[in-house]
Amino acid sequence: MLLRQLEYLVALAREGHFARAAQACHVSQPSLSAGIRKLERELGTQVVQRGARYAGLTPEGERVLLWAQRILAERDALNEDLSAMRDSLSGVLRVGAIPTALTAMSMLTAPFCERHPHARVTLESLSSDEIARRLTAFELDAGLTYVDEETPHGLRCVPLYEERYLLLTPSDGELAGRRLVRWAEVATLPLCLLMPHMRNRRVLDALFAEAGATVVPAIETDTVSALYSHVATHHWSSVISHAWLHLFGVPPGMRVVPLETPSRSHRIGLVVTAGSPEPILARALLEVVRGVDVRGTLDALLHRHLAEQAR
């Protein structure tokens with residue numbers, strides 16, 4: 001059995017199409033098909049459902065896919081480990097982050113790249129469910145996501161900070177001069193919030209409901225940057241995480257006002273696979289995390305913004 005045949009199978013399962021899988025593997029479609037048929041002969045079982053076009057994997061194929069992903073991940077980890085022994089760490093650190101935590105990721109990737117100049121980083125905006133799925137499929141090395149709930153089997157998490165919620169509102173708004181605002185008060189404002197399917201929005205909806213309020217935003221978007229571009233027009237307010245101040249700050253003519261503390265906090269953390277040996281790139285990122293006080297840096301940033309407003 002060749003590792004290349006396993007790569008063909010993983011690509012086919014990922015792309016769901018023979019031609020796209022062949023293109024991803026930089027081979028012709030007949031070569032890919034022949035490689036998978038050879039894999040089936042060597043394993044003595046059919047792994048791909050036969051038809052005019054790709055129709056999925058057989059139950060045996062699904063099991064082979066899990067092993068293929070694990071074997072290829074171990075191959076990559078071996079290469080990275082040997083590279084680190086020969087010289088400096090190299091390879092590609094693959095990270096997925098929920099959209100609301102992307103703004104804080106540079107606090108980790110910047111020192112990682114400084115420490116390992118021959119390594120590269122790819123960073124994708126993904127949902128929390130997709131991060132967990134791709135970690136268990138060895139398609140990611142690490143994820144930045146909510147870690148409030150029970151950690152999925154096979155993963156471990158390192159909490160980094162708790163989200164602190166702020167009202168971002170025009171300086172001449174009715175609540176702009178307050179030192180603290182209630183959730184029910186915010187619900188009466190013209191708001192711009194993230195989309196209902198996003199975890200941050202579900203968290204906010206639960207906090208509004210806890211305060212006996214229902215929120216109906218005038219604007220809904222799926223990116224933090226689009227949210228900021230709308231509130232910067234001074235037509236709308238929003239509820240933001242203090243971590244967003246790290247990248248976006250407070251737009252001119254706007255103010256941030258702390259919201260009353262929720263009954264429970266929502267933590268953001270780094271999630272990696274819990275297997276052994278630990279992937280060397282993930283281990284290197286965790287070593288960087290141990291030297292970065294993400295919580296303290298974000299809290300200091302929030303206090304600085306509030307102090308500047310009070311002058």
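C157 is partly exposed at 25% relative accessibility, whereas C25 is buried at 7%. Buried stands for under 20% relative accessible area, exposed for over 50% and partly exposed for what lies in between, with a 1.4 Å probe and protein chains only. The disulfide count is 0, a disulfide being a pair of cysteine sulfur atoms within 2.5 Å.

This is a predicted model, in which local features need pLDDT of at least 70 and side-chain atom pairs pLDDT 80 or more, while totals for chains, interfaces and linings use all residues. Residues are numbered from 1 along each chain as its sequence is written, and side-chain values use heavy atoms, without hydrogens and water.

Helix α12 has 17 residues. Helices (H or I, at least four residues) and strands (E, at least two) are DSSP runs numbered from the N terminus.

| Item for α12 | Value |
|---|---|
| Residues | 294–310 |
| First to last C-alpha | 25 Å |

The expected span is 1.5 Å times one less than the number of residues. Among the buried residues of α12 are V294, L298, L301 and H305. The buried residues line one face of the helix, because they fall within an arc of 155° seen down its axis; the arc is taken from the directions from the helix axis to the C-beta atoms. Exposed H303 and A310 sit on the face turned away from the buried side. Elements covering the buried residues include α5 (102–115) and β4 (155–162), where contact means heavy atoms within 4.5 Å.
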